[in-house]
Amino acid sequence: MVLQVRGKTTYATNIAYEAIKMNKNCVYFSLEMSAYDMYIKWLSRHSFNEHIRIEHRDIKLHKLDEDNRRYLFEDIYIDLKNTYKPHLHIVDETQIYSYTTDGFSVLLNDIDKLFIEETGHGIDVVFVDHIQLLKFDESNRKTTSETTIINYWVDYFRKQCMNFLNTKRQIAIILLSQANREGWKNAKHENRKKGIVAGNYELTALAEANELERASSMVISVFTSDPLKAIRQAKVQLLKCRDGQTMEDAVCVFADLAYYAFGDKAEQEQNGMFDTGYSITNNTNDDEDSESQDNTLNDIDLFGENDLF
C-alpha cells in the first residue's frame with residue numbers, strides 16, 4: 001500500500017491511530033522529521049477527540065496558556081501514553097542502526113521483541129515515511145542509480161510483508177511516496193470548462209520507483225491545497241486495488257491538518273456532504289510557515305524528559 005504526495009504523513013498518522021484502537025502494534029519510520037516532532041503531532045491528534053483541541057504548532061512553539069498546558073500534560077499526554085504508546089514505536093534517523101536491509105531487519109526484530117514483551121504480540125503494521133529517502137542506502141548509493149536503490153527497498157519491504165523476518169508471518173507495510181513533478185503539475189491543474197477538476201493523479205505520478213506500482217496491493221493518492229486546507233478538506237483517490245475497483249476521480253474527505261486529523265467520521269457527518277468539485281483556483285494564504293521560530297522547542301525538555309515517553 002502506498003500513500004502519495006502532500007498530506008501523506010497526516011493520512012498515515014490517522015491510519016496508525018485507528019489501527020492501535022484495534023490492538024494493532026505499529027512501527028513508524030519517520031525519515032523526514034524527528035520522533036519528538038511526530039509525538040507532538042500525535043498529542044495534537046489525540047486532543048482532537050476531546051472538547052478542547054490543541055494545534056500541534058501551538059505545542060511546539062510554546063503557545064499554550066496555563067489551562068491548556070495543564071490539560072495537555074494531565075489529560076491528553078497521560079491518556080496517550082497509557083493507551084496508545086504501548087502499541088506505537090516511532091523511529092527517526094537517529095535510531096536507525098544503518099541504512100541497509102540488514103540493519104533494518106535487526107531493528108525490526110528488536111522492536112518486535114519489545115512489542116511481544118509489552119503487548120503479547122509482535123509488529124502488525126510498518127510505516128515508512130517516506131520511501132524516497134532510502135535512496136541514501138549506504139551500501140549502494142555510490143554505484144547504483146537512485147531508482148534502482150528505491151526499487152530494491154520496495155522489494156525488501158514487499159518480502160517483509162509476506163514473510164516477516166523469515167517467520168512466515170504476514171504484516172501490513174505502508175510505504176509513503178512522493179509524486180514526481182509532472183504528476184503533481186497535472187494533479188493541481190484544473191479547467192472547469194473542460195471538466196478537469198484538480199486532485200486526480202495517475203499511477204505514473206509515483207516518483208522514481210516503478211516497483212511501487214507493481215508490488216503494491218493498493219495505491220492511494222492524497223491531494224491538499226491551501227484552499228482545501230481552509231475548508232478542512234483533502235482529496236483521496238484509489239489508484240490501484242488488486243482485489244477490487246479503483247476510483248476514476250478523487251473524492252473529498254474531512255482533513256484538519258492543524259490537528260493532524262484526517263477522515264474523522266463524526267466530523268464528516270457534522271460538516272455534511274462535501275462538494276467533490278471544489279475548485280482550488282481561489283488562492284488563500286497559509287501563514288503557518290511564516291510563524292516566528294523564536295520559541296521552537298529545540299532540545300529543551302517540554303515533557304520533563306528528552307524522550308516524550
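Reader: Is His 130 buried or exposed?
Author: His 130 counts as buried because its relative accessibility is 2%; buried means under 20% relative accessible area, exposed over 50%, and partly exposed in between, with a 1.4 Å probe and protein chains only. This is a predicted model, where local features need pLDDT of at least 70, side-chain atom pairs count only at pLDDT 80 or more, and totals for chains, interfaces and linings use all residues. Residues are numbered from 1 along each chain as its sequence is written, and side-chain values use heavy atoms, with hydrogens and water left out.

Reader: OK, and where is His 130, and what does it touch?
Author: His 130 is in the loop between strand 4 (125-129) and helix 6 (146-162). Helices (H or I, at least four residues) and strands (E, at least two) are DSSP runs, numbered from the N terminus. Leaving out residues up to four places away in sequence, His 130 touches Lys 8, Leu 31, Glu 32, Leu 176, Ser 177 and Gln 178, with contact meaning heavy atoms within 4.5 Å.

Reader: What kind of peptide bond joins Asp 129 and His 130?
Author: A cis one, with omega at about 0°. Most peptide bonds are trans.

Reader: Switching to helix 5: which residues are buried there?
Author: Thr 101, Gly 103, Phe 104, Leu 107, Leu 108, Ile 111, Asp 112 and Phe 115. They cover an arc of only 170° around the axis, so they sit on the same side of helix 5; the arc is that of the directions from the helix axis to the C-beta atoms.

Reader: What do those pack against, and what's on the face turned away?
Author: The buried residues of helix 5 pack against strand 2 (26-30), strand 3 (88-92), strand 4 and helix 6. The face turned away from the buried side carries exposed Asp 102 and Glu 117.

Reader: What comes after helix 5?
Author: Gly 120, with a positive phi near 95°.

Reader: Which residues other than glycine have a positive phi?
Author: Asn 23 is one, with phi near 70°, and Asn 166 is another, with phi near 60°. Most residues other than glycine have a negative phi.

Reader: Where are those two asparagines, and how exposed are they?
Author: Asn 23 lies in the loop between helix 1 and strand 2 and counts as partly exposed, at 43% relative accessibility. Asn 166 is in the loop between helix 6 and strand 5 (172-177) and is exposed, with a relative accessible area of 67%.
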